[in-house]
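Good morning, colleagues. I would like to take a few minutes on the aromatic residues of the protein now being shown.

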Amino acid sequence: MAKYKRQKVKHYHRSFYSREMRVKRGIGIAVLVVAVLAAAWFAAPHVLDWATHTWYTVVKDRDLEAESASRAEAAASSAAASSAAASQAASEPEPEEEKPLDGKAITGGSWAELDVTTLTDEAAIRAAARQLKQQGADYALVTLKDAAGTVYYASGVAAAAQSITENPVDAANIAAILREEGIIPAAQLAAFTDPVSVYTDRSMGVHYDGNSLWLDNVSAAKGGKAWMNPFAASAVQYVGDLIEEVQGMGYEQVVLTGVQFPNIITRKQDFGASGGKSREGRAAQLTADIAAWQTRFAGSVTLWVSYPDALCTAATDAIGTTGTSLGMENLLVTSSTALDADSRAALEQAAADAGVQHVVVHDTAAFR
């Protein structure tokens, strides 16, 4: 009998899903996942709010609604304050920028003199300027060349070579600090009352025999002093050069003193011109000199001519006429005592009648 041989049965793993069904199934699963995530996304804030509210109200025993109202009220108050502040700021005018000091301005304010020999360093200059400011002065007169012929700064003008003091000041620094402190610096220069510079350049002096310098006393040993000659073109040029020099140092206002002839006129004086022998000739020459300086510095320097009140009210040999009648644009009248109202009014009227544009009476005893 033949042996029965068992046949092997083959098993096949076969999917009953078609390809199209599998794709649809995958898409369905993806859509379901997205829907679940979206639902969770939208539900999360509400769940968190509920959980937070439950935590604070149940566990922490806090009144969230009252706190929320308080915060809303505070926010509203802050917004109102900010709005009010903005409205106030808008209504307030912006502060004006401080205008730079006009060094050529004629303000009609008070004048004060500074002792240039004390202005040796910044601290001293600034202290003096602040004192003047507190006293109400607008202008500071800084004498840079006096009637003794001394030049107080290191001048570069050739004719001033023998006139410079042993310890010259820094004139430019003085002017700069005065301006910083709100004071207009004014350089004061003695013009023809100069017994020193004429020895450096003798062409500028008054002579008595064509060569020798005339002295206003019998000899230098007895106090006799030489004088500059207003008829000398070199003398007029020298004064103008000094004006130009100090203007370059920051002095846009310059006051000239000593614009005059010697106080005594004699037959021995030689002015190099016949006009020096008459008052009219001397007055005409001073008028011409002043006009020359005003023309040279028109627009760049506010030029003043200064006389004591005594020389402004009566004609004298020194100027040949009254001090108000020499054609200056700006007249600074000095007085050792305050003029009364009538005297001041008469002086100002005389100056106006002579065509003076600005007249200031400076009490030399003030601000000391």
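**Aromatic pairs and their surroundings**

Phe261 has a relative accessibility of 0% and therefore counts as buried, where buried means under 20% relative accessible area, exposed over 50% and partly exposed in between, with a 1.4 Å probe and protein chains only. The model is a predicted one, in which local features need pLDDT of at least 70 and side-chain atom pairs count only at pLDDT 80 or more, while totals for chains, interfaces and linings use all residues. Residues are numbered from 1 along each chain as its sequence is written, and side-chain values use heavy atoms, leaving out hydrogens and water.

Phe271 is also buried, at a relative accessible area of 4%.

The structure holds six aromatic pairs; rings of Phe, Tyr and Trp (its six-membered ring) pair if their centres lie within 6.5 Å, and planes under 30 degrees apart count as stacked, over 60 as edge-to-face and the rest as tilted. One of them joins Trp111 and Trp304, edge-to-face, at 5.2 Å centre to centre with 80 degrees between the planes. This pair links distant parts of the chain, 193 residues apart: Trp111 belongs to strand E1 (residues 110-114) and Trp304 to strand E7 (residues 302-308). Strands (E, at least two residues) and helices (H or I, at least four) are DSSP runs numbered from the N terminus. Both Trp111 and Trp304 are buried.

For Phe261 and Phe271, the ring centres are 5.3 Å apart and the planes lie at 85 degrees, so this pair is edge-to-face.

Finally, ring pairs link Trp111, Tyr139 and Trp304 into a cluster.
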